[in-house]
Amino acid sequence: MLFRLSFLGLLWAHVCQAAVYNTFDGEGFVACHNVSQVHHPRSLQEIVRIVQDAAKSKTPVRATGKAHMWYDTMCSDDPKTILIQTEDVNQITEFDLKAGTVMIEAGVTFLQFANYLHERKASMGYALVNWNMTIAGSLAMGAHRSSLREASMVAAGALEIHIIDGTGQMRKIVRDESNDDWLAASTSLGLLGIIAKVKFRIYPDFKVYAQQKVLSEKEVLNGDIYAMISPYATANFWWWPGLHKFHYRYYDVVPTEKSNQTGFQNTFSISPLEATIGKSLLNAGKYAATVNHLAEGIFFAAWSIPNFHEKKTDRQILKWPVYGWNYDVLIGGLYPDTKPEWEYGLHGYTFEIAVPVTQANKLLKRVRQLFDASAKAGKPMTSMYRSGINIKFGRPYNDLLGQVVTNTSDGADWSKGAIMFDFPSFWPNVGDHKRYNEPFYGRLATTLLTEFPARPHWTKNTREVMRQAVKNLDPNHLRRFKTVRQKFDPNNIFRSVVGEIIGVM
């Protein structure tokens with residue numbers, strides 16, 4: 001009997017052994033450390049059944065779309081955690097261009113949605129981000145396009161959010177900025193439940209142009225940054241600190257008849273030759289600053305010409321400005337017969353925070369001081385990413401946990417919007433995977449989180465950065481969010497490391 005009980009115990013431990021679940025970067029890049037099972041439902045009804053079963057057994061649950069994140073913060077560390085992969089639940093229904101609305105399900109990606117709308121002469125305006133993300137996941141994490149003029153938060157396009165709550169019931173939350181249920185659902189971090197459907201605002205399709213200029217570092221650091229960004233529908237900078245230069249990219253609407261060009265943007269797809277050269281340079285840069293400077297110069301030159309092809313012919317476009325349809329120019333995607341950079345082994349670290357745009361010059365000058373101090377100490381730093389350091393912007397949006405909410409306890413002026421400092425860097429394939437001058441990145445993060453009312457991006461920061469950022473979050477917002485969460489998830493099954501760190505579990 002003892003033998004049989006021991007055998008059954010070992011068998012149960014083997015069957016229930018938790019496994020890791022990876023980010024979009026693949027094996028070795030952990031999103032969740034302990035996942036007991038991954039479900040692949042094909043309907044909303046199936047998701048409801050899974051959640052209802054989990055609620056009965058109080059099993060931790062997380063939804064995942066494309067796992068578009070960088071660190072191990074997506075789930076809790078509870079080994080009983082189950083994941084619901086939403087990719088196959090991706091119906092688009094109730095399209096009504098006259099009313100300006102459409103209904104999308106949990107697994108619909110931006111690229112799928114963009115193509116669907118474009119075929120019907122429609123668009124979703126500026127409430128968009130990268131092509132390889134689900135809209136529901138982007139909404140949950142507070143994602144956004146770079147704009148101070150337009151409502152570019154993904155949640156800004158949502159009219160209704162349908163959430164499967166912690167009891168397995170479907171709740172419909174209608175846009176109402178006086179209601180905490182809506183303010184919590186707008187950036188829910190997946191902690192209220194699974195976003196099953198979203199009723200989204202749509203518009204007639206339109207064309208845009210993209211223009212890019214090279215600016216000196218002084219022109220940006222000492223310039224009127226708000227005046228540079230706010231006139232355009234969407235705009236951003238890419239910073240090349242080793243070269244003391246910026247790329248200044250901006251977009252806006254043009255008449256449909258302005259140009260027959262159909263530009264299509266690529267940010268992530270590269271050729272095998274580019275991948276080989278890039279990986280060799282960046283791996284060598286782990287050991288030598290001179291190689292990093294060489295790599296930054298090559299990347300800067302490559303990024304100075306349009307990262308666009310003519311969609312009809314797939315030929316590279318060589319001159320600015322570029323013209324094309326809204327989604328093709330603003331999002332784009334992969335060129336035909338190419339792969340994204342991470343499938344060639346080009347992986348990255350990230351660090352992203354938001355600071356009031358009224359402090360934009362102060363922020364960038366402080367970062368410059370840190371770069372200069374490192375160089376003076378014999379460790380000159382550069383950007384180790386193919387498009388430089390990404391400097392984005394966000395128009396104010398009213399919710400509880402978003403990066404651009406105003407009237408918060410920090411007393412800072414967020415009323416004109418936010419600047420997002422997004423610092424990606426190469427993950428070396430060699431040695432201990434630490435970057436050249438690894439301690440610099442920790443000092444940079446701690447300095448900015450200490451000296452500025454900086455808010456974290458919810459999927460682009462380590463656990464340690466999240467812990468340091470908690471002091472900058474509005475305690476009243478956290479309290480109100482927790483109240484809504486307890487109502488939606490009384491069994492406390494929708495858990496994540498981020499939720500635990502910020503104290504809303």
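We will go through a disulfide, a helix and some aromatic pairs in turn.

A: Happy to! Keep in mind that this is a predicted model.

Q: Let's begin with cysteines. How many disulfides are there, and which cysteines form a disulfide?

A: A disulfide is a covalent bond between the sulfur atoms of two cysteines. The count here is one disulfide. It is formed by cysteine 32 and cysteine 75, whose sulfur atoms are 2.0 Å apart.

Q: Where in the chain do the two cysteines of that pair sit?

A: The pair links distant parts of the chain, 43 residues apart. Cysteine 32 belongs to strand β2 (residues 30-35), while cysteine 75 is in the loop between β4 (61-64) and β5 (82-85).

Q: Is the disulfide right-handed or left-handed, and are cysteine 32 and cysteine 75 buried or exposed?

A: For handedness, look at the torsion about the S-S bond: for cysteine 32 and cysteine 75 the torsion is about 60°, so the disulfide is right-handed. Both cysteine 32 and cysteine 75 are buried.

Q: Now a helix. What should I look at in α14?

A: Start with its span. Helix α14 (residues 475-488) has 14 residues and reaches 20 Å from its first C-alpha to its last, close to the 20 Å expected at 1.5 Å a residue. Then look at the N-terminal end, which aspartate 474 caps: one of its side-chain oxygens lies 2.8 Å from the backbone nitrogen of asparagine 476.

Q: Which residues of α14 are buried, and what do they pack against?

A: The buried residues are His477, Leu478, Phe481, Val484, Arg485 and Phe488. Because they cover an arc of only 130° around the axis, they are on the same side of α14. Their packing partners are β9 (158-164), β10 (170-174), α5 (180-186) and α15 (497-502).

Q: How many aromatic pairs does the whole structure hold, and how do I read one?

A: A search finds 24 aromatic pairs. To read a pair, take the distance between ring centres and the angle between planes. Phenylalanine 237 and tyrosine 248, for instance, are 5.4 Å centre to centre with 40° between the planes, a tilted pair. Phenylalanine 237 lies in strand β14 (residues 234-240) and tyrosine 248 in strand β15 (residues 245-254). Phenylalanine 237 is buried, with a relative accessible area of 0%, and tyrosine 248 is buried at 8%.

Q: And why is the pair of tryptophan 238 and tryptophan 303 edge-to-face?

A: Their ring centres are 5.3 Å apart and their planes are at 80°, so the pair counts as edge-to-face. Tryptophan 238 is in strand β14 and tryptophan 303 in helix α9 (residues 289-304), so the pair ties together parts 65 residues apart in sequence. Tryptophan 238 is buried at a relative accessible area of 7%, and tryptophan 303 counts as buried at 4%.

Methods: Residues are numbered from 1 along each chain as its sequence is written. This is a predicted model: local features need pLDDT of at least 70, side-chain atom pairs count only at pLDDT 80 or more; totals for chains, interfaces and linings use all residues. Side-chain values use heavy atoms; hydrogens and water are left out. A disulfide is a pair of cysteine sulfur atoms within 2.5 Å. Helices (H or I, at least four residues) and strands (E, at least two) are DSSP runs, numbered from the N terminus. Buried means under 20% relative accessible area, exposed over 50%, partly exposed in between (1.4 Å probe, protein chains only). The expected span of a helix is 1.5 Å times one less than its number of residues. The arc is that of the directions from the helix axis to the C-beta atoms. Contact means heavy atoms within 4.5 Å. A polar contact is a pair of N or O atoms within 3.5 Å; within protein, one must be able to donate a hydrogen and the other to accept it, and residues adjacent in sequence count only if both atoms are side-chain atoms. Rings of Phe, Tyr and Trp (its six-membered ring) pair if their centres lie within 6.5 Å; planes under 30 degrees apart count as stacked, over 60 as edge-to-face and the rest as tilted.
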